[in-house]
Amino acid sequence: MAEPLAIRCAAASIDRDEAQHGTASRVHRWLLVEQPGPWGAEAAMESRLDVDVATRLDGAANEHGLRLLLIRRPRRAPGASGSKDAAREDSRRVFLAHSSTERSWLEALDVPAGELGGIADLDLAALAHAERPGIGEAHPSIHLVCTHGRHDPCCADFGRPVARALTAEGAPEVWESSHLGGDRFAANLVCLPEGIYYGRVAPE
């Protein structure tokens, strides 16, 4: 006798007509590090990041109260040709963000792939302040779609089609991200620097 299929949390949440309001975590300080390739359940520690680098980044995030996320470019949509952001083996995109009701800002910098551990030495305490610190260059906005399937399959099942659809439509700065929270509301989308969350986003 075949084993019954597992009931996915996102489908169960829809069946319960579960409300989304007030369920998102409140995050004011963000550290996003580009890391292509697969992520394990604990993204930073179970990725292709050097374990010493991952440990330093995780420690810095805990010390300064930051939300550390790994990000990667979405796979191209079926039938799409070319890419304006070719994979860069020698550098990684890093974003620093502050999201609050008073003011929000976003900065971007490129870090050599072999020097990612140096991010922990930046003035990350500045992410607590409403004034932009000038660590990187000012950046207008990015869109994060959680596709962290090793954390919860719903994120991959629902998130990847949304990331591909946004990319195909030419939405600016779309990134797949590690766990954002609220797996049962997948697909989840976060807009930075404002820190606005959207849940149950459909590719359409």
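A search of the whole structure, a predicted model, turns up one cavity of 30 Å³ or more.

**Figure 1. The largest cavity and the residues around it.** The space inside the largest cavity comes to about 30 Å³. Its lining is made up of R75, R160, R164 and E176. By class, that lining holds four charged residues, no polar ones and no nonpolar ones.

Figure 2. Side chains of opposite charge can pair when their charged atoms come close. The partners come from distant parts of the chain: E176 sits in strand 7 (residues 174-177) and R72 in strand 2 (residues 67-72), 104 residues apart. Both E176 and R72 are buried.

**Figure 3. The salt bridge between R93 and D110.** The two side chains meet at 3.1 Å, N to O. R93 is in strand 3 (residues 91-98) and D110 is in strand 4, so the contact ties together parts that lie 17 residues apart in sequence. R93 has a relative accessibility of 18% and counts as buried, because the cut-off for buried is under 20%. D110 is partly exposed, at a relative accessible area of 42%.

**Figure 4. The salt bridge between D121 and R56.** Here the closest N and O atoms are 2.7 Å apart. D121 is found in the loop between strand 4 (105-112) and strand 5 (137-138), and R56 in helix 2 (residues 51-64); the pair therefore ties together parts 65 residues apart in sequence. D121 is exposed, with a relative accessible area of 58%. That value passes the mark for exposed, which is over 50%. R56, at 38% relative accessibility, counts as partly exposed.

**Figure 5. The salt bridges of the model together.** How many salt bridges does the count give? The total is six. Burial can be read pair by pair. E176 and R72 are buried. R93 is buried, whereas D110 is partly exposed. D121 is exposed, and R56 is partly exposed.

Note on methods. Residues numbered from 1 in each chain as written. Predicted model: local features only at pLDDT ≥ 70, side-chain atom pairs only at ≥ 80, totals over all residues. Heavy atoms only, no water. 1 Å grid on protein atoms, 1.4 Å probe; cavity = no way out; pocket = protein on both sides within 12 Å on 5 of 7 lines; lining within 4 Å. Points joined across faces, edges and corners; volume = space filled by probe spheres on them. Nonpolar A, V, L, I, M, F, W, Y, C, P; charged D, E, K, R; others polar. Salt bridge = Lys/Arg side-chain N within 4 Å of Asp/Glu carboxyl O. Helix = DSSP H or I, 4+ residues; strand = E, 2+ residues; numbered from the N terminus. Buried < 20%, exposed > 50% of the residue type's maximum accessible area, 1.4 Å probe, protein only.
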